[in-house]
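I opened my notebook to get to know this structure. Here is what I looked up, in the order I looked.

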Amino acid sequence: MTIQFNDETFRDDYSFHNSEWAIKRFPFPFHEDSYMYAMNAEQHRGGPEGSVYENRFDVDEHYVSEMQDRAKVLADDPLRCQSLPHMTLAGWDLLELIMVSKSEDYPDLFELHRDGDQWRWVNKPLGIDDTFTFLDESTLPYGPMEYITRQSQGDFALLDQRENNLWMDAGMITTQADWSLDFDIGMNFFEWHAPVPMANEMGIFKRALKFLLNIPQGSPGRRLNWTMTVNPLLDTSPENYHKWGIQKTTLTPDNIGAKQHLRVELQTFYRLPRSNALAFPIRCYLCSFQDLMTMPKWGRRLHRVVRDLPEELATYKGFIDNRPMMIDYLSKFDDGLPTSPGIFPEPETEPPLKT
Amino acid sequence: MSAPQKAKAGAEKIAVTVSAVVPVTEYVTRFEFTRTDGADFPPFSGGAHTVVSMEDGDRTRLNPYSLMSDPTDLSHYAISVRREDNGRGGSAFMHSQVAPGDAMTITCPVNLFGLDWRAKKHIFFAGGIGITPFLAMIGQLEQTNGNWELHYAARTAENAAYADMLLEKFPTKVHVYYSGQGVRIPLESLLTGQPLGTHAYVCGPAGLIELLRDTAKGLGWPDSNVHSEEFLAPAPGAPFEVRLCKSDKSVTVGEHESLLEAMEREGVDAPFLCRGGSCGQCETNVVSADGDFIHRDHWLDDDDRASGKKIMPCVSRFIGTTLELDR
């Protein structure tokens with residue numbers, strides 16, 4: 001399908017909005033009526049047609065506006081994009097992976113023409129037509145990772161693999177759920193996860209690291225993660241907490257449906273072939289509570305998940321203070337009927353809300 | 001997530017055609033592959049291996065070999081196989097049964113022995129057939145003008161696979177030592193006085209790896225700057241019985257097969273990547289055991305071994321009365 005790109009903002013007047021198409025394909029992260037940490041990873045090899053799983057790098061109606069927002073974040077704070085000197089090859093790997101994937105998956109939007117190491121890249125939505133020499137940084141306006149991630153939705157961490165660990169040695173991080181690349185750069189897997197409650201005691205990180213270290217070339221994986229964001233902000237960074245943290249106090253029973261957003265990360269993992277590094281794209285999707293409630297299954301389930309979530313997790317995810325108001329709002333969309341398993345909304349078969 | 005797709009064990013497979021079989025020395029033969037679909041191979045990094053499937057009668061042999069072709073040339077992949085006359089038969093199969101034009105299956109590359117890209121200098125130590133991963137590493141470093149040198153030990157000049165080619169192309173970077181002439185790699189003097197930020201890599205017999213590690217440690221090298229790869233072949237041993245609880249099967253592991261191979265023979269899709277005791281992918285929980293484990297892997301730590309709750313079925317065995325695994 002041809003995508004109609006929205007003209008919208010993720011700041012100031014928050015004109016961000018989801019079309020009906022975008023709501024229906026929103027990656028709702030709860031496959032059952034409760035939530036606890038789990039690695040829950042599966043192979044990333046396509047998925048239902050039209051879903052965010054279908055292509056290797058999902059492109060949707062927010063693409064152009066998200067890239068404009070990223071450019072603004074970088075103009076204000078260049079340290080959101082960093083690559084330690086040994087990660088340049090991994091950056092080329094990522095550039096190749098994204099260019100090849102997008103040109104194959106969206107031939108009407110992206111073209112890649114390769115003649116040996118002479119490459120021509122055409123990005124129609126952003127009006128880019130560049131020719132460069134693969135593996136020669138001097139032929140691109142930015143380093144390879146920065147060049148391609150200024151044209152790709154979602155954050156990107158490039159993890160070096162050595163000493164049986166992963167190291168946060170490069171990244172483009174402008175749409176993050178309250179973590180800082182500038183703080184984490186150079187850290188290993190256990191160090192950058194140190195703030196997460198409970199999971200370490202549960203042995204989750206040891207198992208997750210083992211899984212990630214063994215992601216083989218040609219077998220990418222994926223999982224979903226989630227948090228809550230008041231207003232459709234892409235940039236909820238620690239650097240800008242003074243700007244967005246306060247907005248959590250503006251929630252009222254009248255505006256919560258429009259202002260409160262479920263924030264979902266589609267995390268994917270790719271072994272990069274030349275550098276043997278791991279690419280970790282973290283794609284952020286936002287959906288307001290009122291848009292989620294248009295799917296009866298999601299209304300029932302979100303209420304139960306938010307209501308029953310352990311206090312540590314609600315605190316860590318930053319909505320413990322607003323949880324009572326959220327439960328009040330969501331309870332109106334939970335009639336107690338059972339929900340079908342799995343994340344998809346099933347609007348055709350799920351019964352409408354009993355009133 | 002709905003309907004999770006469970007990965008099949010092992011890395012992604014690639015159908016290949018044997019394009020050349022080239023004798024290199026009395027014992028070593030190079031096998032070159034092209035993709036059956038005519039496409040280029042995926043890019044790979046120096047130090048990566050591929051697992052080759054060999055259809056040997058009613059038995060499928062799966063052996064890992066380092067990719068030794070030039071990573072900048074993706075029109076073909078190549079491995080070099082040393083014939084092990086007292087081995088388990090995989091190398092003998094490759095040498096005696098595989099001919100140009102044959103269809104085979106290999107896996108996507110997996111790298112457990114990658115270059116450390118932070119290194120200011122890479123110094124390689126190869127023993128015998130351990131030369132193979134370094135050939136690909138050298139190819140990759142040459143592309144980016146990397147700083148490297150190679151020290152290669154072989155028994156005789158006739159046995160030193162690729163030594164002539166390497167000496168001719170890189171006369172100032174390659175040094176070959178023949179043990180048949182009583183010449184050993186002078187590890188101590190080579191490891192002394194290297195510039196800060198040098199990384200050492202060793203591949204070859206266990207004795208060489210151990211000696212290099214000990215020498216480096218004695219000279220104050222940090223462990224993180226010394227990299228080694230030793231593919232363990234599963235060792236033969238007395239047959240033993242194993243109960244696979246999840247699969248609800250009882251299996252006898254034969255003298256010349258590994259526990260992993262016995263599970264695969266019975267149709268159990270057990271995870272694996274390297275099949276050489278290094279990657280950790282096949283780690284299996286022990287439900288109960290009455291007997292002794294013969295741990296041969298490089299993965300489990302001392303606590304894991306002491307617990308009696310873990311086994312790496314690709315290389316490790318068991319002697320005793322009962323063994324029940326969570327597989």
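I began with one residue pair: Ala157(A) has Phe280(A), in S10(A), as its bridge partner. Strand names like this one come from DSSP runs (strands are E, at least two residues; helices are H or I, at least four), numbered from the N terminus.

Before going on, I noted the ground rules: this is a predicted model, where local features need pLDDT of at least 70, side-chain atom pairs count only at pLDDT 80 or more, and totals for chains, interfaces and linings use all residues. Residues are numbered from 1 along each chain as its sequence is written, while chains are lettered from A and ligands numbered from 1 in the order in which they are written.

**The sheet in chain A**

I looked up how S6(A) and S10(A) pair, and found five bridges in the antiparallel sense; strands count as paired if DSSP finds at least two bridges between them. S10(A) also pairs with S9(A), antiparallel over nine bridges, and there Val264(A) stands opposite Tyr285(A). The hairpin of S9(A) and S10(A) has six residues between the strands, and Asn276(A) takes a positive phi near 65 degrees in it. How covered is S10(A)? Nine of its 11 residues are buried, where buried is 20 or more other C-beta atoms within 10 Å of a residue's own, exposed is 12 or fewer, partly exposed is in between, and C-beta atoms are placed from the backbone.

Then I traced the whole open sheet: seven strands in chain A, in the order S1-S8-S9-S10-S6-S7-S2, with antiparallel pairing. S1 (42-43) and S2 (81-83) of chain A are at the edges with a single partner strand each, so one side of each has no neighbour in the sheet. S8 (residues 221-230) and S9 (residues 260-271) of chain A pair antiparallel over 10 bridges, and Thr227(A) faces Arg263(A) in S9(A).

Which helices pack on the sheet? H3(A) does, touching S2, S6, S7, S9 and S10 of chain A, and its direction makes about 130 degrees with that of S6(A). H7 (residues 204-213) of chain A does too, touching S6, S7, S9 and S10 of chain A at about 75 degrees to the direction of S7(A). For these angles, axes are lines fitted to C-alpha atoms, for helices over the stretch in contact, and angles run from 0 to 180 degrees between N-to-C directions.

**The cores**

I checked the nonpolar cores next (sets of buried Ala, Val, Leu, Ile, Met, Phe, Trp, Tyr and Cys residues joined through C-beta atoms within 7 Å). The largest has 114 residues, and Leu94(A) and Phe125(B) are among those with the most contacts inside it. Its largest share, seven residues, comes from H3 (residues 88-105) of chain A. Apart from it lies another core of 28 residues, including Cys287(A) and Phe344(A).

**Chain B**

How many residues of chain B are in contact with chain A? I found 24, against 23 residues of chain A, with contact meaning C-beta atoms, placed from the backbone, within 7 Å. Chain B has seven helices and 17 strands. Along its principal axes, the C-alpha trace of chain B spans about 60 × 50 × 45 Å. Of its 327 residues, 40% count as buried.

Last, I looked up Ser189(B), in helix H4 (residues 187-191) of chain B. Ser189(B) is exposed, with 8 other C-beta atoms within 10 Å. From Thr34(B) it is 155 residues away in sequence and 42 Å in space, C-alpha to C-alpha.

How values were computed: Two residues are in contact if their C-beta atoms, placed from the backbone, lie within 7 Å.
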